Amino acid sequence: MGSEMASDWIRIIVGLIIVLAFSQLNALFLVWLERKVAGHIQLRYGPMEVGPHGILQTIADGIKLVGKELITPLSADWKLFVIAPVLVFMPVLVAFLVLPFDENLVIRDMNLGVLLIFAFSTLSVLAILAGGWAANNKYALLGAIRSVAQNVAYEIPLLLAVLSVALMTQSLRFSEIVAAQCRVWFIFLQPVAGLIFLICATAETNRAPFDIPEAESELIAGFHTEYSGMRFGLFFLAEYTNMFIVSAVATALFFGGWHGPFGFSFGLPGIVWFLLKVYILLFVIMWVRWTFPRVRFDQLMNFSWKVMLPLSLLNLIVTAAVLKFI
Amino acid sequence: MNFMTEAMAQAAFWIVVGLTLAGAVIAVFPRNIVYNVLGLVLALTGVAGLYVFLGSMFIGLMQLLIYVGAICVAIVFAIMLSRPLHLEVPQRKLPKVLLAAMASCLFAIALIGVSLRTAWKPAAERGTDWSVATIGELLLTRYDLVFEVISLVLLVAILGAIVTAGFSRRLTS
């Protein structure tokens with residue numbers, strides 16, 4: 001009994017350390033990749049100076065960020081201002097508890113894993129709001145308000161898209177949903193839900209073309225205008241880790257998780273397939289960012305409430321009807 | 001080892017209770033409405049933690065998703081649509097405070113009365129299956145009417161919000 005519990009604790013601690021280390025490394029890599037993708041799309045090279053093809057550039061940037069002074073504006077509400085960057089990172093960590101990297105590579109395979117991720121992801125909006133409001137800056141407040149409005153609008157179609165997958169598998173456990181896709185990935189059975197999920201996930205992570213909460217040309221930097229040093233770094237880290245999480249969830253729900261295409265694994269272990277698909281999706285998200293111009297705020301709202309929401313509801317009804325009568 | 005787990009569970013329980021109460025205090029007393037909302041978030045998250053302690057992960061997560069994710073964000077919306085935050089907040093009026101105190105006292109008395117009159121049984125003795133599937137089935141069979149009435153209340157709230165927003169917009173334009 002005793003040793004069993006000790007091993008449980010060790011499991012949790014080791015899992016936490018791996019998650020923390022992984023999220024940092026992943027963010028370092030993704031920032032580099034983003035700049036490279038942006039560069040090549042714009043016929044530039046991107047960072048080239050530090051390390052081969054600039055691969056060490058973000059490490060240098062990270063060291064710079066850690067060394068910078070943490071400035072709190074005089075008129076800011078310092079309690080919320082300090083706590084917001086920590087709050088924004090917390091739900092991100094929780095999500096890693098249930099992500100299924102491989103058949104047996106999950107920290108906790110909960111029967112409500114999907115629900116857990118979406119329940120906690122709502123907390124990061126409130127953290128963004130707290131940070132943007134506490135900075136006592138017009139641009140920051142505008143960015144925060146936009147972020148809340150956008151999140152409310154896109155959360156609903158996102159959940160409805162997930163619900164239609166949950167209806168098909170009758171489960172909210174990641175391992176069961178992935179196991180159900182060992183032959184055919186759900187993106188082929190639920191193409192509409194998959195598309196809705198990807199669009200809404202892009203909007204939820206405040207990525208272009210939906211990055212109006214931090215639209216540089218109108219709002220400077222949106223909700224993190226006043227943040228400097230590692231506090232800004234935490235917002236940045238949370239954004240890139242969030243991108244990883246939505247891509248991982250999309251992989252698990254729609255792209256077969258740790259399965260290879262059509263049941264062929266080509267001798268590769270599940271985690272390789274999983275990470276490969278996640279990083280392909282991340283590349284697509286970056287590709288979209290550097291291809292499409294930013295939408296206007298009213299376009300964004302209209303698109304969500306008048307197109308995405310009815311479409312996802314219709315998709316859910318059709319899914320339910322097909323499951324009932326076939 | 002077992003004793004340690006027990007002690008830690010106890011400590012965690014009281015920490016969650018403390019956070020819930022602290023959140024409730026923040027939700028009521030400061031004159032800054034953003035603090036109030038964030039306090040409410042803390043309190044409701046604490047309640048979700050209490051549900052997890054009672055053994056229902058599902059209810060806890062639903063609490064988080066609905067009350068924190070939907071209701072509190074909606075309240076934030078209402079705040080953003082109301083008077084600008086940087087303006088001086090008006091003084092609390094005594095009659096309003098008294099009425100609010102009376103209403104909450106009545107509610108508290110009713111709650112305490114109900115919980116004292118209920119014959120509580122440990123979860124193990126009740127022995128009913130409270131899985132997600134059961135809850136879902138009960139919601140669509142036995143508690144169908146309650147479920148529908150709750151959604152009707154939400155519909156009325158949405159309509160009311162639209163009417164109020166439209167009214168104030170007509171006033172300003």
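Predicted model: local features only at pLDDT ≥ 70, side-chain atom pairs only at ≥ 80, totals over all residues.
Local features require pLDDT of at least 70 and side-chain atom pairs pLDDT 80 or more, whereas totals for chains, interfaces and linings use all residues. Residues are numbered from 1 along each chain as written, chains are lettered from A, and side-chain values use heavy atoms, without hydrogens and water.

Chain A is assigned domain 1 (1-66) and domain 2 (68-325), with bounds from an automatic or database domain assignment. The contact (heavy atoms within 4.5 Å) involves 23 residues of domain 1 and 24 residues of domain 2. Taken over C-alpha atoms, the domain centres are 19 Å apart. The two domains bury about 2200 Å² between them, 71% of it on carbon and sulfur atoms; buried area is the accessible area (1.4 Å probe) that two parts lose on being put together, summed over both. On the domain 1 side, A:Leu30, A:Glu34 and A:Leu65 lose the most area to domain 2, together 27% of what that side buries.

Two salt bridges (a side-chain nitrogen of Lys or Arg within 4 Å of a carboxyl oxygen of Asp or Glu) are counted between the domains. A:Glu34 also forms a salt bridge with A:Arg289, with the closest N and O atoms 3.6 Å apart.

A:Val184 lies in the loop between α6 (174-179) and α7 (186-189), where helices are DSSP runs of H or I of at least four residues, numbered from the N terminus. A:Val184 counts as partly exposed because its relative accessibility is 35%, the class between buried (under 20%) and exposed (over 50%), with a 1.4 Å probe and protein chains only.

Note on methods: Helix = DSSP H or I, 4+ residues; strand = E, 2+ residues; numbered from the N terminus.
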